[in-house]
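Please look at the structure first.

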Amino acid sequence: MADDLFKALADPTRRTILDELTEKSGQTLFEICSRLTMKHQLGISRQAVSQHLALLEAAGLVETRREGRCKFHDLNTAPLQRIAERWPLPNPSGPEKGTP
C-alpha cells in the first residue's frame, strides 16, 4: 500500500487535486476540473482528472460517495498518518548523543 501512496503523491497534478480537496471536500468531478482550470490554469481533460482521482482513491487518499447521480470526492488523510507513524521524529527532550 505504501508504494501506491508514494506513487500517488509523486505527481504534482495529484498533489494539486489533494490541495483542492483540502480546501473544499466533497467536490464532484466537474467542480474539481473547474477549480484546476480556473485557479491553477491547468489545461487537463476531464478524463485525465478522473484517472488521477482513481489513482488517489486506490492509494486511499480520496474516498467517494454517491448521492443520486452525483459522485462526491472527499480527502482521507489516514494513509498520511500511517507514514508519519512509520518514521517518528526523535524525542527532542530525550538525552543527546554523547551525554552519559
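Arg65 is partly exposed, as its relative accessible area is 34%. The model is a predicted one. Arg65 takes part in a salt bridge with Asp74, and the structure holds seven salt bridges.

**Arg65 and Asp74**
- In this pair, the N to O distance is 2.9 Å.
- Asp74 has a relative accessible area of 17%, so Asp74 counts as buried, the cut-off being under 20%.

**Glu20 and Arg35**
- The side chains of Glu20 and Arg35 form a salt bridge with an N to O distance of 2.4 Å.
- This pair connects distant parts of the chain, 15 residues apart: Glu20 lies in helix H2 (residues 12-23) and Arg35 in helix H3 (residues 29-40).
- Glu20 is buried, with a relative accessibility of 2%.
- Arg35 is partly exposed, with a relative accessibility of 21%.

**Glu20 and Lys39**
- Glu20 also meets Lys39 in a salt bridge, at 3.2 Å from N to O.
- Lys39 in helix H3 and Glu20 in helix H2 are 19 residues apart, and the pair links distant parts of the chain.
- Is Lys39 buried, exposed or partly exposed? Lys39 counts as partly exposed because its relative accessibility is 40%, which falls between the cut-offs of 20% and 50%.

Technical notes. Residues numbered from 1 in each chain as written. Predicted model: local features only at pLDDT ≥ 70, side-chain atom pairs only at ≥ 80, totals over all residues. Heavy atoms only, no water. Salt bridge = Lys/Arg side-chain N within 4 Å of Asp/Glu carboxyl O. Helix = DSSP H or I, 4+ residues; strand = E, 2+ residues; numbered from the N terminus. Buried < 20%, exposed > 50% of the residue type's maximum accessible area, 1.4 Å probe, protein only.
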